[in-house]
Amino acid sequence: MRYLLLVAYDGTQFAGSQRQNNARTVQGTLEDAAQQVFGTFTRVTLSGRTDAGVHAAAQVAQLDGETPIPAHKLAEVLSRNLPDDVKVLASAAAPEGFDCTRAVRKKTYCYRFYCARTPHPLLSRYAARLEGNPDLQAMREVLPLLTGEHDFAAFRATGSSAKTTVRTIYGLSVDVLTVYGVPMYEIRVTGNGFLYNMVRIIAGELYAVGCGMAGAQDILAAFATGDRAKLFRTLPAVGLTLEHVDYGMKLFDE
């Protein structure tokens, strides 16, 4: 039987989501917990990879196995065997033939950064600290340039193994709120898929635009040439959170 899991994790102490030799990963930690529950090694597959330090509020995973535990109770049992920085929030039986990786339609990420001279103890674990006072309106003015279908070759880090660099951004927004007296910027992006570090590069470019270090012409030049050097630096992993994986159907009774 195939089970689906809704997983949340704090990526601070993980070397990424995908299992690695001699490194602590989300997949490896989930598989260790599953082995305790199922009594045998059980492969856990995630909807996609997240890098070291990246967080997830609603990652989707699957595993195959047999257990008398009701599908909706599996989350609770697994979480008892998991550390505090990764938990299974919900579980369910998978629809017939469902694959949590191939069936993904959209993903939504949020990148958070705050502007302060001194790191804030209550913010620095889940948001990057940057300098300056970015202009929210300037950032919003370039959002239409980044939405829609484009060749995002310039928005990927070295080491990307993607076969194609064309992606579609369905939604992109920037908001600012005050948290503990500090301006917190939230860049939320929904797309059909993302290249290696793509969201962090988009966030970096929007920050640069807001600070007057870049403009619409730089984004257009990056699209035209595919040259990563046309864009601002990649922002730190700490600010990135996977918020939602959309399959076009409801999978969990949350």
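**Buried residues, nonpolar cores and salt bridges**

Glu 186 is buried, because its relative accessible area is 15%, below the 20% limit for that class. The model is a predicted one. Glu 186 is part of strand β9, which covers residues 182-191. The side chain of Glu 186 makes a polar contact of 3.0 Å with the side chain of Arg 112. Beyond its neighbours within four places in sequence, Glu 186 is in contact with Cys 110, Tyr 111, Arg 112, Ser 173, Val 174, Asp 175 and Leu 177.

Glu 186 also belongs to a network of salt bridges, in which it is linked with Arg 112, Arg 188 and Glu 243. Within this network, Arg 188 and Glu 243 form a salt bridge, with their closest N and O atoms 2.7 Å apart. This pair links distant parts of the chain, since Arg 188 lies in strand β9 and Glu 243 in strand β10 (residues 240-246), 55 residues apart. Both residues are partly exposed: Arg 188 has a relative accessible area of 24%, and Glu 243 has 22% relative accessibility.

The structure contains 12 salt bridges. In general, side chains of opposite charge can pair when their charged atoms come close. One of the salt bridges joins Asp 175 and Arg 140, with the closest N and O atoms 3.0 Å apart. Asp 175 is in strand β8 (residues 166-179) and Arg 140 is in helix α3 (residues 136-141), so this pair ties together parts 35 residues apart in sequence. Asp 175 is partly exposed at 31%, and Arg 140 is partly exposed at 35%.

A salt bridge also occurs between Glu 76 and Arg 80, at 3.0 Å from N to O. These two residues are separated by about one helical turn, because they are 4 residues apart in helix α2 (residues 74-80). Glu 76 is partly exposed at 43% relative accessibility, whereas Arg 80 is exposed at 60%.

In soluble globular proteins, nonpolar side chains tend to be buried together. The largest nonpolar core here has 80 residues, and the members touching the most others are Leu 30, Phe 113, Phe 155, Ile 187 and Leu 206. Helix α5 (residues 198-210) supplies the largest share of this core, 9 residues. Apart from its neighbours within four places in sequence, Phe 113 has contacts that include Ala 127, Met 139, Ile 187 and Tyr 207. A second, separate core has 6 residues, among them Tyr 114, Ala 116, Leu 123 and Ala 127.

Cys 100 is buried, with 0% relative accessibility. The count of disulfides is 0. Cys 110 is in no disulfide, and the nearest cysteine sulfur, that of Cys 115, is 14 Å away. Cys 110 is likewise buried, at 0% relative accessibility.

Note on methods:
Residues are numbered from 1 along each chain as its sequence is written. This is a predicted model: local features need pLDDT of at least 70, side-chain atom pairs count only at pLDDT 80 or more; totals for chains, interfaces and linings use all residues. Side-chain values use heavy atoms; hydrogens and water are left out. A disulfide is a pair of cysteine sulfur atoms within 2.5 Å. Buried means under 20% relative accessible area, exposed over 50%, partly exposed in between (1.4 Å probe, protein chains only). A nonpolar core is a set of buried Ala, Val, Leu, Ile, Met, Phe, Trp, Tyr and Cys residues joined through side-chain atoms within 4.5 Å. Contact means heavy atoms within 4.5 Å. A polar contact is a pair of N or O atoms within 3.5 Å; within protein, one must be able to donate a hydrogen and the other to accept it, and residues adjacent in sequence count only if both atoms are side-chain atoms. A salt bridge is a side-chain nitrogen of Lys or Arg within 4 Å of a carboxyl oxygen of Asp or Glu.
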